[in-house]
Amino acid sequence: MNSTKLLFITGVSSGFGQALAKEALKAGHRVVGTVRTEQAKQAFDTLAPGQSFGHILDVTNVAAIDSLAATIEQEIGAVDVLVNNAGYGHEGVMEESPLSEAHHQFEVNVFGAIAVIKAFLPYFRARRAGRILNITSMGGFITMPGISYYCGSKFALQGISETLSKELKPFNIFVTAVQPGSFRTDWAGRSMVRSARTISDYDASFNPIRETREKRSGHQPGDPAKAARAMLQLINSPEPPVSLLLGSDAVQLVREKLQQMQHDIDHWETLSRSTDG
């Protein structure tokens, strides 16, 4: 791929999407970014005139995605890198959280990403080139109380990403699931949807978790700009990884889970093997 690339990034108004767009523009790339309002579109257009192109898109409006991809390819140019960043976090004890919230969490975090990928894949495949970054989470491998819908959606996108990387490698299309830990974004702040507390049995176990998560918002160890620069290194790598953890907490927590998994596999191996015919 050329040293100067065209990136398509969903959700550039805040968080990792905004940080990546800004760092990509600084590096001389062109960026098409999706936003939710006309005001945000105008702001993105003026960020780097001739390099930044805003488009209004709700990723749950699947019917609009194919036509947007066609417009970008025809009017702006061949997209080199697709970044599925749009998403949000839902917090709530599962028993207290309406099923409708689970549906919406998956509509945005999973089905929206799938629709965007499917819209651009024919172009990537025809060119036998392309990079796809799916922003999952360390919560796509580890779990924490109170974010079951979120973790479920990120586990799903993680699995889709890993499978897709195998399907697309013969076409010189590389897929990487980026798994951030705790970063100073709006994820745990204004962007998070929180279900109301209704069952007192969970007060002792969950209230401190919710309070701690709210207090830590804005004080997490991860720097979004540094995460963006790491992602730019990915798109320049001739052999990018299928998954990349970002943040020291993600590395530590994933290692701890792998150790626990290894322990459980060893401890229960006899029972596991006993089911063969």
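In this predicted model, helix H3 (residues 65-75) packs against helix H4 (residues 99-127) at an angle of about 35 degrees, and the two axes are 9 Å apart. The crossing in which H3 passes H4 is right-handed. On the H3 side the residues that meet the partner are Ile65, Asp66, Ala69, Ala70, Ile72 and Glu73, while H4 contributes Gly112, Ala115, Val116, Ala119, Phe120, Tyr123 and Arg127. Sorted by class, the contact of H3 with H4 comprises nine nonpolar residues, one polar residue and three charged residues.

H4 also has a contact with H5: the axes of H4 and H5 come within 9 Å and cross at roughly 20 degrees. Because angles under 35 degrees count as roughly parallel, H4 is described as roughly parallel to H5. The crossing of H4 and H5 is right-handed. From H4 the contact draws on Leu99, Glu101, Ala102, Gln105, Phe106, Asn109, Val110, Ala113, Ile114, Ile117 and Leu121, and from H5 on Tyr149, Tyr150, Gly152, Ser153, Lys154, Ala156, Leu157, Ile160, Leu164 and Leu168. By class, 15 of the residues in the contact of H4 with H5 are nonpolar, four are polar and two are charged.

The next step is the sheet. Its seven strands form an open sheet in the order S3-S2-S1-S4-S6-S7-S9, and their pairing is parallel. Strand S3 (52-56) and strand S9 (243-246) are the edge strands, each of which pairs on one side only. From one strand to the next, the twist averages 20 degrees. Within this arrangement, strand S1 (residues 6-9) pairs with strand S4 (residues 81-84) in the parallel sense over three bridges, and Ile9 stands opposite Val83 in S4.

Helix H8 (residues 248-267) lies across S7 and S9, and runs at about 120 degrees to S9.

A further helix pair involves helix H1 (residues 15-26) and helix H7 (residues 224-236), whose axes come within 8 Å and cross at roughly 60 degrees. That angle makes H1 oblique to H7, and the crossing of H1 and H7 is right-handed. The contact is formed by Phe16, Ala19, Leu20, Glu23 and Ala24 of H1 together with Pro224, Ala225, Ala227, Ala228, Arg229, Met231 and Leu232 of H7. The residues in the contact of H1 with H7 divide into 10 nonpolar and two charged, with no polar residue.

Phe16, one of the H1 residues in that contact, leads on to the aromatic pairs, of which the structure holds three. How are the rings of Phe16 and Phe183 placed relative to each other? Their centres are 5.2 Å apart and their planes stand at 70 degrees, so the pair is edge-to-face, given that planes over 60 degrees apart count as such. Phe16 lies in helix H1, whereas Phe183 lies in the loop between S7 and strand S8 (193-194), so the pair ties together parts that are 167 residues apart in sequence.

Notes: Residues are numbered from 1 along each chain as its sequence is written. This is a predicted model: local features need pLDDT of at least 70, side-chain atom pairs count only at pLDDT 80 or more; totals for chains, interfaces and linings use all residues. Side-chain values use heavy atoms; hydrogens and water are left out. Axes are lines fitted to C-alpha atoms, for helices over the stretch in contact, and angles run from 0 to 180 degrees between N-to-C directions. Helices (H or I, at least four residues) and strands (E, at least two) are DSSP runs, numbered from the N terminus. Angles under 35 degrees count as roughly parallel, over 145 as roughly antiparallel, 65 to 115 as roughly perpendicular and the rest as oblique. A crossing is left-handed if the near helix is turned anticlockwise from the far one by less than a right angle, and right-handed if clockwise. Contact means heavy atoms within 4.5 Å. Ala, Val, Leu, Ile, Met, Phe, Trp, Tyr, Cys and Pro count as nonpolar, Asp, Glu, Lys and Arg as charged, and the others, Gly among them, as polar. Two strands pair if DSSP finds at least two bridges between them. Rings of Phe, Tyr and Trp (its six-membered ring) pair if their centres lie within 6.5 Å; planes under 30 degrees apart count as stacked, over 60 as edge-to-face and the rest as tilted.
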